[in-house]
Amino acid sequence: MSTVFIPSVLRANVGGAKSLELPGASIRAVVGELVAQHPSLGGQLLTEDGDLNRFVNVYVNGQDVRYLAGLDTPVAASDEVRLLPAMAGG
Amino acid sequence: MPKSYADLLREARSQIREVTPQEVEALPPGAATVVDVREASEWEQGHLPGAAHVSKSYIEQQIEAVAPDRDAQVILYCAGGVRSLFAAQTLNEMGYTNVASMSGGFQAWKGAGLHFDTPIVLTAEQKQRYSRHLLIPEVGSAGQAKLLGSRALLIGAGGLGSPAALYLAAAGVGTIGIVDFDIVDVSNLQRQIIHTTDRVGERKVESAKRTINALNPEINVVAHEEMLVAANVERIIAGYDVILDGTDTFETRYILNDAAVAAGIPVVHASVFRFEGQLTTFVPFEGPCYRCLYPTPPPPELAPGCSVAGVLGVVPGILGLLQANEALKVLLGIGHTLAGRLLLFDALETEFTELKLRRDPECPVCSDKAVAARKAGHPLTVDSVGNDVPFAMTMTGLAGTVSPEARA
């Protein structure tokens, strides 16, 4: 199980949870599980083709998966996965 | 057995190695830490280039800050070569193993026709006002003079810009530009502490200017009462040393990013949402730019501004001060900025998290390819980088016909 941190703007979609423990050996599997449990997130995180939306950054242990292996980036138990959309407020 | 001055001097001469001004001048850069042990009033009249100043009366307390390595060469000088001999004895007692005194002191240096620097001298009022800065070796009067000659631009005099502006002004950043076209609303006052209740309805740039000058009258406040758009961004940011991005729209953030990268100006970025904030410093070509971090803005429902989503007032306060801290480091050239790192702040948990950022090798604005294209006078076009590049600019950015490099 990895720990997936949910940004506050998306917490309403997961019942207010700040983080979730989710199974999956890759970002694809973890995000797939997340969307399976909370289908309303699907439209926010993924494109119609199932890719990550470009406006949501995903980090594994502080590293952007875009510079690792994208959705195929491996995720180990006890890894920290963080979803991070840009913020506008100033 | 009492000792006379002559006895003490003889002793010091026998213990301390002496070097001539010519020998000091011939040293390769970095071969020695040269320390001027005269009084501040003498230092202000001129000193050896690259020398540090620690007056003899503070030598025990302050030498470790300028010469932390006790086995590295330290050369002391004073006006005539006597005080530096005695100061060198003190360093020997402290365990410094390679200390020399420059014979003849600064008088001999000048007499030999060697080059010397004259520092910018702060006024008596400035010395008092900035005394807590002057006591820090990493700032000192040279650093304070640098701040007084610096120009910082704030995009927005709102939740982030308010605390940043106040502290930059207090710190003596000589010119503070403020871009804001808004007027003060009573709902701003929960966090925008540069404004006051009796200024509701006033222009924010004017209100900010009054508060800044009440705090520090010598700050030159430049009011840019207009919305930052592609057509004016280059003109507005020109000549500033650092920019603090505290806007609340993605469009402005992208437009600013593209122009600042092209102009080579660091941007200290912060954004806030309810109890959370994000902060990083974009130093062009040293770290990523805003487009590397967020190639595309989220749809509006995923990134509401403060007026829609709300924000705990202290969150922009904390993030704005961290922006001011980054800006001061950029201006002083000290420490390490957040270039290449994104700092997340969670006020509910009182938790800071750091993420690693990278330059996108395909970035349409700051990649080598994009720079080369601008330099060649053929900036990347929207078509060449794909049509999902938001807020593409027409002047400095992607579709431009004239690159800033070509015009410079």
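## Pairing up

Two strands count as paired when DSSP finds at least two bridges between them. Keep that in mind for the hairpin in chain A, formed by strand 3 and strand 4 with 2 residues between the strands. In this hairpin, A:N61 takes a positive phi near 50°. One thing to know before going on: this is a predicted model.

## Chain A at a glance

Chain A has 2 helices and 5 strands, and reading along the sequence gives the pattern β-β-α-α-β-β-β. The C-alpha trace spans about 30 × 25 × 25 Å along its principal axes. A compact globule of 90 residues would have a radius of gyration near 12 Å, and chain A agrees, with 12 Å.

How much of chain A is buried? Buried residues account for 33% of its 90 residues. As for contacts between residues at least 6 apart in sequence, 49% of them join residues at least 24 apart.

## Strand 3 of chain A

Which strands does strand 3 pair with? One is strand 5 (residues 80–85) of chain A, in the antiparallel sense and over 5 bridges. Within that pairing, A:Y59 has A:R82 as its bridge partner. Strand 3 is also joined to strand 4 (residues 63–64) of chain A by 2 bridges, again running antiparallel. There, A:V60 stands opposite A:Q63. This is the hairpin with A:N61 and its positive phi.

## A parallel sheet in chain B

Over in chain B, 5 strands form an open sheet in the order 1-5-4-2-3, and the pairing is parallel. Strand 1 (17–19) and strand 3 (52–53) of chain B stand at the edges, each with a single partner strand, so one side of each has no neighbour in the sheet.

Now look at strand 4 (residues 74–77) and strand 5 (residues 99–102) of chain B, which run parallel and are joined by 3 bridges. B:I75 has B:A100 in strand 5 as its bridge partner. Helix 5 (residues 83–93) of chain B lies across these two strands, running at about 175° to strand 5.

## A buried helix

Helix 16 of chain B runs through residues 314–332. Its 19 residues reach 27 Å from first C-alpha to last, close to the 27 Å expected at 1.5 Å a residue. Is helix 16 of chain B largely enclosed or left open? It is largely enclosed by the rest of the structure, because 14 of its 19 residues are buried. Just after the helix, B:G333 takes a positive phi of about 70°.

## Where the chains meet

How many residues are in contact between the two chains? There are 32 residues of chain B in contact with 16 residues of chain A. On the side of chain B that touches chain A, strand 10 (267–273), strand 11 (276–282), helix 15 (306–309) and strand 13 (351–356) each supply at least two residues. By class, that side has 16 nonpolar, 10 polar and 6 charged residues.

B:T247 is worth a visit here. Find it in the loop between strand 9 (242–245) and helix 13 (250–263) of chain B. B:T247 counts as buried because it has 26 C-beta neighbours inside 10 Å, and 20 or more is the cut-off for that class. Leaving aside neighbours within four places in sequence, B:T247 is in contact with A:G90 from the other chain, and with B:I155, B:G156, B:T252 and B:R253. The C-alpha atoms of B:T247 and B:A270 are separated by 8.6 Å, with the two residues 23 apart along the chain.

Most residues other than glycine have a negative phi. B:R274 is not a glycine, yet it has a positive phi of about 55°. Look for B:R274 in the loop between strand 10 and strand 11 of chain B. With 18 other C-beta atoms within 10 Å, B:R274 is partly exposed.

B:T350, also not a glycine, has a positive phi of about 45°. B:T350 belongs to the loop between strand 12 (341–346) and strand 13 of chain B. Buried or exposed? B:T350 counts as exposed, since it has 7 C-beta neighbours inside 10 Å.

Technical notes: Residues are numbered from 1 along each chain as its sequence is written. Chains are lettered from A and ligands numbered from 1 in the order in which they are written. This is a predicted model: local features need pLDDT of at least 70, side-chain atom pairs count only at pLDDT 80 or more; totals for chains, interfaces and linings use all residues. Helices (H or I, at least four residues) and strands (E, at least two) are DSSP runs, numbered from the N terminus. The radius of gyration is taken over C-alpha atoms; the globule rule is 2.2 Å times the number of residues to the power 0.38. A residue is buried if 20 or more other C-beta atoms lie within 10 Å of its own, exposed if 12 or fewer, and partly exposed in between; C-beta atoms are placed from the backbone. Two residues are in contact if their C-beta atoms, placed from the backbone, lie within 7 Å. The expected span of a helix is 1.5 Å times one less than its number of residues. Ala, Val, Leu, Ile, Met, Phe, Trp, Tyr, Cys and Pro count as nonpolar, Asp, Glu, Lys and Arg as charged, and the others, Gly among them, as polar. Axes are lines fitted to C-alpha atoms, for helices over the stretch in contact, and angles run from 0 to 180 degrees between N-to-C directions.
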